[in-house]
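Please read these notes with the model open. They take the points one by one.

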Amino acid sequence: MEILRPSIVGSVESNDILIQIEKGNGIKINLESSVKKQYGEDIEKVIIDTLKELNVKNAQITATDKGALDFTIVARMKTVIKRATKKGDVA
Amino acid sequence: MYYEKVLLNTKKQLVEYQNLLEAAGLKYEEKKYKLGVYLNKELVGGISFEENCILQLVVREEFKGKGISNILISEVIKYAFTINIFHLFVYTKPDNEKQFNDLGFHTIIKVDNVVFLENKRNGIVDYCKELESKKVAGEKIGSLVMNLNPITLGHKYLIDKALERCDHVHIFVVKENKSVFEYEDRYRLLKEVVKDYEDVTVHNGSEYIISTATFPTYFIKSEECISDAYAKLDTNIFGKYISKALNINYRYVGTEPYCKTTNVYNKNLKEELPKYGVVVEEISRIEIESNTISASKVRELIKKGEVEESYKFLPNATKEFLKTEKGKATIKKIEGSGIRRH
């Protein structure tokens, strides 16, 4: 799937994650997390896996994590991709 | 602990926001979108948004480091995206730079106490690459930034004088669509006026050159300083990025007899641009029948209904434009408006 417009979902409340997606060359992830030291790689893996699952090959992700659990990250990722790839004039 | 996000609209809320800003040494300026974060009915942080610009971010001193600015910034980004504004700019204090960086903003420039950021990764860099493709070789490369509201013989004179002194001249048209003459008309009329000039390149303006939408007035108190901080940012962006992309080493401005803001701006150019190897030269304006030509004088005449009287200040392209349907509509607009400087 191709990213058509920038999109953003989530929040920076505790246990959530704010994810922005925009066009890019290849996959680039810019992650900020309160638990980056312990879980940074795991979070990135969840993000990359979701991108793969939805067949997104070019995207730039900016994520600010506040200790979101894996399924939250997956849900947020799926939504942000859906919004960014939807045809027509949808914000 | 629950932080409540509230749009600030009532008088009481705005006073609270204003007090918060003032305590942080910032001046409150009315903006369209204002968001606050409350804890136990007490305002602990706020942020504003207008056009494409995020500003007036403030968090109560005791509540710093608790992620309140993250809440505010992310809410504003989400709001902007819902109204289809994706290219965002930020004016903020250096203290907040990292917070914005973490949320995907990239610093364009830092001047004194202001950091200017954008959320496009390579926004200004890409713009400069585009400019670079129009680079012209030469020893003296001049530049002019003009609003042309509308283009007059005074502007043409300025261009001619710059050309006499340079091998090539780059002209940027201010893109901001706040002038009575629309951007596309101002741009097109300039193109027409210089169509026989070989050594002139006309460039589209951009968010990076004099865009009043992003005027960070709230940092300063007095009117003179207002233009000063703005001018300083703008001139430094020109020096650091734009002049470099095109090898510009001269910038020309007309002497400014009327407008204080423009005067401050010119003064700033002279102070800041030499740091980047750009010489700033002022060119005296020409007079016609002992009247200094200026676009604001032209608009004044039009407003008084003396359109034909204004012709003596105008090149043919502008005269012809005023006779078209669109030109007539523009005249109507001027007649119905207050006189503005720009």
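Which residues of helix 6 of chain B meet helix 11 of chain B? Asp185(B), Arg188(B), Leu189(B), Glu192(B) and Val193(B) in helix 6 meet Ala317(B), Thr318(B) and Phe321(B) in helix 11; contact here means heavy atoms within 4.5 Å.

1. Basis. This is a predicted model, in which local features need pLDDT of at least 70 and side-chain atom pairs count only at pLDDT 80 or more, while totals for chains, interfaces and linings use all residues. Residues are numbered from 1 along each chain as its sequence is written, chains are lettered from A and ligands numbered from 1 in the order in which they are written, and side-chain values use heavy atoms, with hydrogens and water left out.

2. Helix 6 and helix 11 of chain B. Helices (H or I, at least four residues) and strands (E, at least two) are DSSP runs, numbered from the N terminus. Helix 6 of chain B packs on helix 11 (residues 316-323) of chain B at an angle of about 135°, and their axes are 9 Å apart. That makes helix 6 of chain B oblique to helix 11 of chain B. Axes are lines fitted to C-alpha atoms, for helices over the stretch in contact, with angles from 0 to 180 degrees between N-to-C directions; under 35 degrees counts as roughly parallel, over 145 as roughly antiparallel, 65 to 115 as roughly perpendicular and the rest as oblique. The crossing of helix 6 of chain B with helix 11 of chain B is right-handed, a crossing being right-handed if the near helix is turned clockwise from the far one by less than a right angle, and left-handed if anticlockwise. The residues of this contact divide into four nonpolar, one polar and three charged. For this division, Ala, Val, Leu, Ile, Met, Phe, Trp, Tyr, Cys and Pro count as nonpolar, Asp, Glu, Lys and Arg as charged, and the others, Gly among them, as polar.

3. Burial of helix 6 of chain B. The buried residues of this helix are Tyr183(B), Asp185(B), Arg186(B), Tyr187(B), Leu189(B), Leu190(B) and Val193(B). Buried means under 20% relative accessible area, exposed over 50%, and partly exposed in between (1.4 Å probe, protein chains only). The buried residues of helix 6 of chain B pack against helix 5, strand 9 (168-173), strand 10 (200-203), helix 11 and helix 12 of chain B.

4. Nonpolar cores. The largest nonpolar core has 39 residues, and Leu144(B), Ile159(B), Ile171(B), Leu190(B), Val194(B), Val200(B) and Leu322(B) have the most contacts inside it. Its largest share, five residues, comes from helix 6 (residues 183-193) of chain B. A second, separate core of 36 residues includes Tyr127(B), Leu233(B), Leu246(B) and Val280(B). A core of this kind is a set of buried Ala, Val, Leu, Ile, Met, Phe, Trp, Tyr and Cys residues joined through side-chain atoms within 4.5 Å. Apart from its neighbours within four places in sequence, Ile171(B) is in contact with residues including Leu144(B), Ile159(B), Leu190(B) and Val200(B).

5. Helix 9 of chain B. Seven of the nine residues of helix 9 (residues 295-303) are buried, so this helix is largely enclosed by the rest of the structure. Lys297(B) and Arg299(B) are among the buried residues. The packing partners of the buried residues are helix 5 (153-165), strand 14 (291-292), helix 10 (307-310), helix 11 and helix 12 (325-335) of chain B. Gly305(B), which follows helix 9 of chain B, has a positive phi near 85°.

6. Chain A. The axes of helix 1 (residues 36-53) and helix 2 (residues 70-85) of chain A come within 9 Å and cross at roughly 40°. That makes helix 1 of chain A oblique to helix 2 of chain A, and their crossing is right-handed. Among the residues that meet are Ile43(A) and Ile47(A) in helix 1 and Ile73(A) and Met77(A) in helix 2. The contact divides into eight nonpolar, one polar and three charged residues.

7. Backbone points to check. Most residues other than glycine have a negative phi, and most peptide bonds are trans. Gln56(B), in strand 4 of chain B, has a positive phi near 55° and is buried, at 0% relative accessible area. Asn40(B) has a positive phi near 50° but is exposed, at 69%. A cis peptide bond, with omega about 0°, joins Asn149(B) and Pro150(B); Pro150(B) is in the loop between strand 8 (141-146) and helix 5 of chain B.
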